[in-house]
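Here is a walk through a two-chain model, written for someone with the viewer open.

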Amino acid sequence: MSENGNGGGGLLQLTAKDFKSDQEVRWCPGCGDYAILASVQSFMPELGIPREKIVFVSGIGCSSRFPYYMQTYGMHSIHGRAPAIATGLSTSRPDLSVWVVTGDGDAMSIGGNHLIHALRRNVNLKILLFNNEIYGLTKGQYSPTSPVGKVGKSTPMGSIDRPFLPLSLALGAEATFVARSIDTDRKHLTEVLRTAAQHRGTALVEIYQNCNIYNDNAFDFVRDDKANRIYLEHGKPVRFGADGEKGVVIAEDGAAHVVDVATVGEAALHVHDAHADEPNHAFALSRLSYGAHGGTPIGVFRDIDRPSYDELLTEQLATAVARKGAGDLDALLGSVDTWDV
Amino acid sequence: MTKTVEQLDRVIIRFAGDSGDGMQLTGDRFTSETAVFGNDISTLPDFPAEIRAPAGSLPGVSGFQVHFADHDILTPGDYPDVLVAMNPAALKTNINDLPKGRTLIVNTDAFVQRNLDKAGYATNPLEDGSLADFQVHAVQITTMTIESVKGIEGITPREAERAKNMFALGLMCWLYGRPVQGTIDFINDKFSKRPEIAAGNIAAFKAGYAFGETSESFSVSYEIKPAKLRPGKYRQINGNSALVYGLVAASIKSGLPLFLGAYPITPASSILEELANFKNFGVRTFQAEDEIAAVGSALGAAFGGALGVTVSAGPGIVLKQEMIGLAIQLELPLVILDIQRAGPSTGMPTKPEQTDLFNVMYGRNGESPIPVIAASTPGQCFYAAIEAARIALTYRTPVFLLSDAYLANGAEPWLIPSMADIPEIPVEFTTKPNRDDGSFWPYLRDEVTLARPWAIPGTPGLEHRIGGIEKANGTGNISYDPDNHDLMTRLRAQKVAGIAGGIPELEVDSCDGARTLVLGWGSTYGPIGAAIKRVRADGLAVDQAHLHYLNPFPRNLGEVLRRYDKVLVPEMNLGQLLQLVRSQFLVDAVGYNRVRGVPFKASELADAITALVNA
Ligand SMILES: Cc1ncc(C[n+]2csc(CCOP(=O)(O)OP(=O)(O)O)c2C)c(N)n1
Ligand code: SF4
Ligand SMILES: [Mg+2]
């Protein structure tokens, strides 16, 4: 097991079943959350981390019920604040593997501030953002990721505010790891989780999650129509479509565009570099999913190496001891002007 | 000329000048010399919230009052004996506090038309006779400062002029027979990277001292003998530093690493800043993005087995309350320091008040009881922090500790405690299943304290989930059962109420035949004590008691209150403790309430007590 709580060994003989708690799962039948839970539970043994070293922290929302179903340590906290709580935990316990489960409202409305700051600090957290483009738990109001015009209980004439693209937001917030996957694509989701788990610092994984009660079929364009999935692979030209007939170029203005490969030629296609220092190409790719809902990239957009917050803080603590010696409060209290009575 | 030395038993000096004049530093240095000399001291820094209010303006005035004596004193004093006014604005804002006949030292160089205009003086008060009632020493402080640094290479005229506070300090040190070496060392240390500035400041300081010795303006200097305090090694301390040391002591005594999550806010910021220097004690400080994240991170750290602490003032405390509700529900230890300041909203950030009591008691949704303790003096803050941590860790609960802007910045001599004398805070993490069938129930309570087990991540076999949703007592599973919720609500209340069994009874400072009790809490301890001394000297029989525990109250409080015909509760709010004791004990207590953003004067409290006794 690695020291930074990210695992890496495979010696423990755990199975998916070992990660199922005794609590009855209470999402609506057909909810995408089930598939994600199953993927995570079956992926966890791979981490090689004993269950007691794993903690799931969530906010409030349907998705945030997640920790109850994991046979690990867990906290179901308050709306939007999971990244803040997890930051304190991860920073004071670098030996743990800390996961945050959050919804689109939880992460980007009420908790937007904590999300962006966790990302820029690169706290050692793996954040799973269940994006269903709706407020599920409060029964169907539009969310900060709902498309313009969304008709919901609080927007009878359609929403008028422009949504966030979670990955664009994360990239703007100096995130070091940004990825997207789909609830029903277990193979892909597992692969993304694997890469995220190994990442040094904060990994943000947006998971398209179907809310079949309040926002059914929101992701059919990519969930059902696999031809729209753009599987991002590091070092490979970005192509998609049933026969790879479509591709993505990054134009001179920096924007990503979908093109016919036959027209532009393979050499013109954008070659994905997940490890690029600058996030601008990842950002361009993150915006492809706006509006039209055609070709939509999934996979790892960005994965760069930067020291995590807890590493840097731990280092400062060690440096302080090296410089000043281990703390001695008696000596410190007497180190100023004193006098005897 | 020959100069005489007069003995005094106590003196109150107020330094006042522009924010840029270095009055806080001057006051601090005078206090340090005075403390080391062995006098008892009490200080009241009073500065604007603005970093640089317009120079020379009335709102830009910064003051520092220090009271020192050859005996035990309790307050920074009501009115100064000596006022040092560095400019017209400082004179204007402070002269009304100077009793007639007392000493006024003014920097005449600053009394130019521009400054007089800014202060709103139509005529120059140094010339129009309006200061005739005072012993005025008109001193060309700026001129003599600039003169004194002449010849020092590399010092700019602006830097030379800025040393004038050191001239004033030197003069005051001569006038009151203060030692000087500490200040010289301090200046050398502070400006070690700019030796020419150090030399300039020392030259100004010495010039001020020499001016006192030689000038005909000062025919008398004064001596105040050291005070007879409890024997031991002393230093001076302010409330925020004492809180910092107390938290670190609690971390050592509990064996838990300290984690502080905080967001800067006056007058609490220095706690974050100071604790950031304790990394070699294993202290982790986290400057969060807001107060919600600050308390959230501390709670997360507590879940992981740290001593989680957060600190703020009113506006930030309000933001933290939802998370504190979660901590109550999770039953995890957490220490929340509230350095109270005048409100509502932004209020007056640098001024003290006791107006957060109701907020910390009741400012959350649901029945959400929380222990509340309050510090009474700067030095006592140390012990209050340890006690807050002890209660939090023993009962697995968030705990509020109330201080305020007055305690935060005010200084007093402090008998340095020895770590060996501070009791351990025993903390045991649960490492084994707590049920016969080998299972672990996170809400199976300790029979005595009602605390639930603290099993931290990393403990094999005890994996469990907690959360804000109501839980079944024992198992901790989500429960909407009506009876269970009623039970849990009562258990949480009982747990907090039960803390009364583990805290000392309220002590009463009593005198024969008293029928009146003065009951206080927090930083009013000093002024109330000083007022009690005065009324007793006048022959009145009045008792005093001071609460350090506000929730739960000491178990004998009701019995104490019922012993008296009259109970006076002075508070820097509109009667919050007053309401609590009236409603809990059905006693006809009355309040003395002022919210002026300044500590009570002993004299006004003495008047209020006298009036009540005689009513
Ligand atoms: C402080 C606070 N405000 C509002 C709520 C009500 N609330 C609970 S969940 C939620 C939105 C959930 O939406 P999302 O985060 O997208 O999660 P989902 O249910 O869709 O998984 C809201 C508004 C709350 N619990 N707490
Ligand atoms: S409301 Fe939607 S998101 Fe919530 S459990 Fe039901 S289907 Fe899932
Ligand atoms: Mg949602």
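## Two helices in chain A

In this predicted model, P83(A), A84(A) and T87(A) of α2(A) touch H114(A), L115(A) and A118(A) of α4(A). Contact here means heavy atoms within 4.5 Å. Sorted by type, the residues of this contact come out as four nonpolar, two polar and no charged. For that sorting, Ala, Val, Leu, Ile, Met, Phe, Trp, Tyr, Cys and Pro are nonpolar, Asp, Glu, Lys and Arg are charged, and the others, Gly among them, are polar.

The axes of α2(A) and α4(A) are 8 Å apart and the helices pack at an angle of about 40°. Axes are lines fitted to C-alpha atoms, for helices over the stretch in contact, with angles from 0 to 180 degrees between N-to-C directions. Helices (H or I, at least four residues) and strands (E, at least two) are DSSP runs, numbered from the N terminus.

A word on the ground rules: residues are numbered from 1 along each chain as its sequence is written, and chains are lettered from A and ligands numbered from 1 in the order in which they are written. Because the model is predicted, local features need pLDDT of at least 70, side-chain atom pairs count only at pLDDT 80 or more, and totals for chains, interfaces and linings use all residues, while side-chain values use heavy atoms, with hydrogens and water left out.

## Where chain A meets chain B

The contact draws 57 residues from chain A and 68 residues from chain B. Together the two chains bury about 5200 Å², 61% of it on carbon and sulfur atoms; buried area is the accessible area (1.4 Å probe) that two parts lose on being put together, summed over both. On chain A's side, Y73(A), L333(A) and W339(A) supply 17% of the area that chain A buries against chain B, more than any other three residues.

Polar links are there too: 29 residue pairs are in polar contact across the interface, both residues at pLDDT 80 or more. A polar contact is a pair of N or O atoms within 3.5 Å; within protein, one must be able to donate a hydrogen and the other to accept it, and residues adjacent in sequence count only if both atoms are side-chain atoms. On the side of chain A that touches chain B, α10(A) gives the most, with eight residues. That side divides into 24 nonpolar, 21 polar and twelve charged residues.

## Salt bridges

Side chains of opposite charge can pair when their charged atoms come close. The count between chain A and chain B is two salt bridges, where a salt bridge is a side-chain nitrogen of Lys or Arg within 4 Å of a carboxyl oxygen of Asp or Glu. R121(A) and E289(B) form a salt bridge through their side chains (2.9 Å, N to O).

Over all chains, the structure holds 36 salt bridges. One of them joins D97(B) and R14(B) at 2.8 Å, N to O. D97(B) sits in the loop between α2 (88-94) and β6 of chain B and R14(B) in strand β2 of chain B, so this pair ties together parts that are 83 residues apart in sequence.

Three strands make an open antiparallel sheet in the order β12(A)-β9(B)-β16(B). β12 of chain A and β16 (411-415) of chain B stand at the edges, each with a single partner strand, so one side of each has no neighbour in the sheet. Two bridges link β12(A) with β9(B); strands pair if DSSP finds at least two bridges between them.

Which residue in β9(B) is the bridge partner of W339(A)? It is Y234(B), while D340(A) has K233(B) as its bridge partner. Helix α9 (residues 239-254) of chain B packs on this sheet, touching β9 and β16 of chain B.

## The six-stranded sheet of chain B

Chain B also has an open sheet of six strands, ordered β3-β4-β2-β5-β6-β7, with mixed pairing. Neighbouring strands in this sheet are turned by 15° against each other on average, direction ignored. Inside it, β5(B) and β6(B) run parallel and are joined by four bridges, with V84(B) partnered by I105(B).

Helix α6 (residues 164-175) of chain B packs on the sheet, touching β2, β5, β6 and β7 of chain B. Helix α1 (residues 23-37) of chain B lies across β2, β3 and β4 of chain B, at about 10° to β4(B).
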